[in-house]
Amino acid sequence: MFLQLEDYMLPCLNKQFFGMDCLGCGIQRALSLVFHGEFIAAFKMYPAIYTLLALAFVVAINFFYKVKYAQKIISILAIVNIAIIVTSYVIKMNQII
């Protein structure tokens, strides 16, 4: 019997204590969807999933092999990620209200 990733997901403490989503709500489920090959559903669940994966990839590559413009690439990806996360959170919260 195979272990399911969903069995080990952590609950969102912000949602449990305050009753509202946080900026990271959905990232675990989106990552699980990516692993299962459901790429569009992963994007709908958490729009920043692919830019976060790209950021993690660049950071990991730079850790082992020094990339010439890694700091600039990491900075740009971080800014893009923050913009996507905040924008999608605001849109999600406006749909709930």
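Leaving aside residues up to four places away in sequence, Asn62 touches Val67, Ala70, Gln71 and Ile74, a touch being heavy atoms within 4.5 Å. This is a predicted model, in which local features need pLDDT of at least 70 and side-chain atom pairs count only at pLDDT 80 or more, while totals for chains, interfaces and linings use all residues. Residues are numbered from 1 along each chain as its sequence is written, and side-chain values use heavy atoms, with hydrogens and water left out.

Asn62 sits in helix 4 and is buried, at a relative accessible area of 13% (buried means under 20%, with a 1.4 Å probe and protein chains only). A polar atom of the Asn62 side chain lies 3.1 Å from the backbone nitrogen of Val67.

Now follow helix 4 (49-64) to a neighbour: together with helix 3 (39-45), it takes the packing from the buried residues of helix 2. Those buried residues are Ala30, Ser32, Leu33 and Val34. Helices here are DSSP runs of H or I with at least four residues, numbered from the N terminus. After helix 2 comes Gly37, with a positive phi near 85 degrees.

Helix 2 (residues 27-35) also gives the most to the lining of the largest pocket, at 3 residues. That pocket holds about 220 Å³ of space. Among its 13 lining residues, Leu10, Cys12, Cys25, Gly26 and Gln28 are the closest to its centre. A pocket is an open set of points on a 1 Å grid over the protein atoms alone, with protein on both sides within 12 Å along at least five of seven lines, and lining residues have an atom within 4 Å of a point. Its volume is the space filled by 1.4 Å probe spheres set on the points, which are joined across faces, edges and corners.

Key
Helices (H or I, at least four residues) and strands (E, at least two) are DSSP runs, numbered from the N terminus. Buried means under 20% relative accessible area, exposed over 50%, partly exposed in between (1.4 Å probe, protein chains only). A polar contact is a pair of N or O atoms within 3.5 Å; within protein, one must be able to donate a hydrogen and the other to accept it, and residues adjacent in sequence count only if both atoms are side-chain atoms.
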